Amino acid sequence: MSAHGAPEPMISRPCGPLNGTATVPGDKSISHRSLILGALSVGRTEITGLLEGQDVLDTAKAMEAFGAKVERVGDGAWHVDGVGVGGFAEPDQIIDCGNSGTGVRLIMGAMATCPITATFTGDASLNKRPMARVTDPLALFGAQTVGRSGGRLPMTLVGARDPIPVEYVVPVPSAQVKSAVLLAGLNAPGQTVVIEKEATRDHTERMLSGFGAEIAVEDTPEGRRITLTGRPELRPQAIVVPRDPSSAAFPVCAALIVPGSDVLVPGIGLNPTRNGLFTTLREMGADLTYENERIEGGEPVADLRARYSDAMQGIEVPPERAASMIDEYPILSVVASFASGETVMRGVAELRVKESDRIAAMADGLRANGVTVEDGDDWWVVTGCGAGNVPGGGTAITHLDHRIAMSFLVLGMAAKAPVTVDDGGPIVTSFPIFTGLMEALGADLGAA
Ligand code: S3P
């Protein structure tokens with residue numbers, strides 16, 4: 001079901017070759033951060049290419065509730081007039097972050113060192129997800145929270161009046177936790193240090209530096225050590241949001257498995273903390289090339305060209321690559337179903353606490369469509385059927401998870417029989433133009 005609506009069942013039928021150019025929307029992670037850092041600067045930040053998906057729109061609304069002026073001035077073009085570090089006003093309404101773990105966790109971080117109180121909630125998916133991973137470090141700054149059992153939303157956060165800087169070793173590989181601590185550190189005096197054992201997406205560090213904060217990153221024996229000097233005056237920026245590699249993954253993977261396809265996906269962010277899927281696909285034998293590699297807005301970018309690949313082999317995905325493709329395991333498991341042999345995915349316990357338990361959701365849906373999957377706490381293995389040999393014909397339950405819905409719709413494009421998803425509504429959270437874009441390439445999608 002979409003944030004507040006009725007379930008929208010969808011069907012994807014086997015289709016002819018996918019051809020053409022797929023222009024996907026802006027990066028979701030960078031879009032959230034642009035709005036939040038814009039709100040924490042003094043003056044006007046101008047953003048182009050913002051993802052206008054529901055998750056990001058919820059963050060825009062939240063920034064207004066905290067006192068920033070946020071205005072849509074054109075397609076993907078937004079202005080944010082910020083209130084400055086420490087300048088958040090107390091919202092007079094509950095902050096509803098919808099489906100977005102990134103939205104709620106980053107915003108909680110940003111307000112945790114302001115002397116105000118706010119209450120956060122979300123949809124049925126977000127209200128099941130663990131928040132202690134952010135409230136524990138935020139407590140070290142002096143913030144207090146009261147939530148539901150298991151540290152879940154709805155939750156009230158009382159920001160620290162006299163915040164103290166912290167040194168925190170992030171216990172799980174999570175860019176959201178790292179970012180929450182850094183954003184809290186902005187309004188703490190002195191230096192806040194975050195250490196992550198495994199590198200996760202680094203958009204917050206890059207953007208803080210772009211906004212003029214003093215931030216240093218060192219590789220040490222304990223991991224990546226990030227030191228942020230508190231209470232900077234953030235300078236507003238002009239931000240061009242690169243296109244989202246996590247959304248590009250869907251047309252790219254569809255092209256690899258639908259016979260005869262040749263699809264160009266231009267202007268995709270290839271930040272090394274995000275590009276693990278594309279590396280993995282190439283190791284599996286995918287015909288995936290990077291054209292016109294360049295730097296845009298401080299991020300490496302390329303045009304991706306994906307062509308039908310009928311001889312992909314399953315591989316063991318290196319666990320140390322997991323953070324750089326954490327959102328892409330669902331669609332990788334679809335490609336793995338069309339490869340030969342086993343694709344082994346280990347070190348991925350985090351998949352169990354995303355918008356859904358993504359290992360369970362994908363394993364159940366793949367089995368319903370004739371694919372063999374084994375799974376354990378932090379691993380799963382897909383046994384490929386080989387190109388053209390996935391039976392399909394089943395229904396997948398999406399559990400309010402956009403990436404599960406899109407993954408199974410892609411499966412249906414190349415399976416022998418149509419694939420149904422119980423609810424395509426959540427797709428609007430990250431990729432609102434998914435259906436039209438895939439249909440324009442040649443997909444056969446519809447309401448079920
Ligand atoms: C995100 C971090 C990742 C990712 C999410 C976006 C971010 O979550 O799954 O879609 O923008 O920081 P975790 O921090 O939970 O790994």
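Guide: The ligand takes up the space of the largest pocket. A pocket here is an open set of points on a 1 Å grid over the protein atoms alone, with protein on both sides within 12 Å along at least five of seven lines, and a molecule sits in it if more than half of its atoms lie within 2 Å of its grid points. Two elements give two or more residues to the shell around the ligand, namely α1 (28–39) and α5 (175–185); helices are DSSP runs (H or I, at least four residues), numbered from the N terminus.

The model is predicted, with local features needing pLDDT of at least 70 and side-chain atom pairs pLDDT 80 or more, while totals for chains, interfaces and linings use all residues. Residues are numbered from 1 along each chain as its sequence is written, and side-chain values use heavy atoms, with hydrogens and water left out.

The residues around the ligand (a heavy atom within 4 Å) are Ser29, Arg33, Thr102, Pro173, Ser174, Ala175, Gln176, Arg201, Ile326, Asp327 and Lys354. By class, this shell holds three nonpolar, four polar and four charged residues; Ala, Val, Leu, Ile, Met, Phe, Trp, Tyr, Cys and Pro count as nonpolar, Asp, Glu, Lys and Arg as charged, and the others, Gly among them, as polar. Domain 1 (10–26 + 242–447) and domain 2 (28–240) each supply at least three residues to the shell, with bounds taken from an automatic or database domain assignment.

The side chain of Ser29 has an N or O atom 2.7 Å from an oxygen atom of the ligand. For the side chain of Arg33, the distance from an N or O atom to a ligand oxygen atom is 2.6 Å. Ser174 places a polar side-chain atom 2.6 Å from an oxygen atom of the ligand. Taken alone, the ligand exposes 390 Å², and the protein buries 95% of that, by the Shrake-Rupley method with a 1.4 Å probe.

Key
A polar contact is a pair of N or O atoms within 3.5 Å; within protein, one must be able to donate a hydrogen and the other to accept it, and residues adjacent in sequence count only if both atoms are side-chain atoms. On a 1 Å grid over the protein atoms alone, a cavity is a set of points where a 1.4 Å probe fits but cannot get out, and a pocket is an open set with protein on both sides within 12 Å along at least five of seven lines; lining residues have an atom within 4 Å of a point.
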